[in-house]
Amino acid sequence: RLGFSLSAIVAAWRFRPIDTVFCGHVFMAPLGFLLARLFGARYWVQAHGTDVWQDRRGLVQWLMRHADLVTTVSRETRRILLARVDLPPERVRVLPDTVQDVFTPGPAPVALRDRLNLGAGPILLTVGRLASNERYKGHEPVFSVLAGLRRKYPDLVHVVAGDGDDRQRLEAVAAELAPGVVRFLGFVPDADLPDLYRLADLYVMPSTEEGFGIVYLEAAACGLRVIGGKGGGTADAIPDGRVGVIVDPADCTALASAIEQQLALGRADT
């Protein structure tokens, strides 16, 4: 972090005059504010979700109040930000996330299916950190409906990509609720994600606190239908049923029904 800060200061000094300093995360807001004031530039901060939803230190709130522009990744992030930080509404605008153009539809990689020994499927996919402070992503509700889904889809598997301090616990939960159904891949490099999406039949992550949910866009861009959770900015990433649906993860019947319905619909019209 110190090295990044020093590099930013050197770059700003080298490339002046500077019109605007853009700070891509509120955790770096002190640096962004310092550079903007040092070089007489406008100060712009991007807010993503839980970085502003959770209670922040007074210093960070003060730095956001003094931004010339704050952009948020979703309407819900903007609403919560305005409720917690005293900012003029006209100074806060929505700038949604987007994805790289490597995320495109394509043939399912048979070699990857064979290497992972996934069988005939269907394959449900979830991509995200397995962190103890991000249990809102909804892994456990999905695990809880897998045994019932297996009665209709005997070869169904749930592939979970990602790592974190909650992985061991989640593996134990999956083994109890759905023995042999969940495959934990651990960390998957970004370069391998498009093929993983193309391999799956449905993306499922009923998260309730995503600031936006860029993984929903990645999955949809690769041709997958998606299931998200009610709450947060998910509604901006999964609009009006065109690529998927939003469910309450606490309603196991609704979640299982949504998975069956989305599997029956096939690939998304992207």
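Biologist: How are residues numbered, and which pLDDT values apply?

Modeller: Residues are numbered from 1 along each chain as its sequence is written, and side-chain values use heavy atoms, with hydrogens and water left out. The model is predicted, and totals for chains, interfaces and linings use all residues, but local features need pLDDT of at least 70 and side-chain atom pairs count only at pLDDT 80 or more.

Biologist: What is the strand order in the open sheet of 6 strands?

Modeller: Strands are DSSP runs of E with at least two residues, helices are runs of H or I with at least four residues, and both are numbered from the N terminus. Two strands pair if DSSP finds at least two bridges between them. The pairing in this open sheet is parallel, and the order is 7-6-5-8-9-10.

Biologist: Which strands stand at the edges of that sheet, and what is the average twist?

Modeller: Strand 7 (182-186) and strand 10 (244-247) each have a single partner strand, so one side of each is left without a neighbour in the sheet. From one strand to the next the average is 25°.

Biologist: Which residue is the bridge partner of Ile 227 in strand 10?

Modeller: Ile 227 sits in strand 9 (residues 226-229), which runs parallel to strand 10 and is joined to that strand by 4 bridges. A separation of 5.2 Å lies between the C-alpha atoms of Ile 227 and Val 245, which are 18 residues apart along the chain. The bridge partner is Val 245.

Biologist: Is Ile 227 buried or exposed?

Modeller: Buried means under 20% relative accessible area, exposed over 50%, and partly exposed in between (1.4 Å probe, protein chains only). Ile 227 has a relative accessible area of 0%, so this residue is buried.

Biologist: Which residue in strand 4 is the bridge partner of Thr 71?

Modeller: The open sheet of 4 strands has parallel pairing and the order 1-2-3-4, with strand 1 (20-23) and strand 4 (92-94) at its edges. Thr 71 lies in strand 3 and is buried, at a relative accessible area of 4%. Strand 3 (residues 69-72) and strand 4 are joined by 3 bridges, and the partner of Thr 71 there is Arg 93.

Biologist: Which helix gives the most to the lining of the largest pocket?

Modeller: On a 1 Å grid over the protein atoms alone, a pocket is an open set of points with protein on both sides within 12 Å along at least five of seven lines, a cavity is a set where a 1.4 Å probe fits but cannot get out, and lining residues have an atom within 4 Å of a point. Grid points are joined across faces, edges and corners, and a volume is the space filled by probe spheres set on the points; the largest pocket comes to about 1100 Å³. Its 40 lining residues include Arg 129, Lys 137, Glu 210, Ile 214 and Val 215, the closest to its centre. Helix 3 (50-53), helix 9 (193-199) and helix 10 (214-221) each supply at least two lining residues, and the most, 3 residues, come from helix 10.

Biologist: How many charged residues are in the lining of the second largest pocket?

Modeller: Ala, Val, Leu, Ile, Met, Phe, Trp, Tyr, Cys and Pro count as nonpolar, Asp, Glu, Lys and Arg as charged, and the others, Gly among them, as polar. This pocket has a volume of about 190 Å³, and its lining includes Arg 115, Asp 192 and Asp 195. By class the lining has 7 nonpolar residues, no polar ones, and charged residues numbering 3.

Biologist: What is the volume of the largest cavity?

Modeller: The whole structure holds 1 cavity of 30 Å³ or more. Among the residues lining the largest cavity are Arg 129, Glu 134 and Asp 166, and helix 7 (residues 139-152) gives the largest share, 3 residues. The volume is about 70 Å³.

Biologist: How many disulfides does the count come to?

Modeller: A disulfide is a pair of cysteine sulfur atoms within 2.5 Å. Cys 23 is buried at 5% relative accessibility, and Cys 222 is buried at 1%. By the distance rule, the number of disulfides is 0.

Notes: Axes fitted to C-alpha atoms, helices over the stretch in contact; angles between N-to-C directions.
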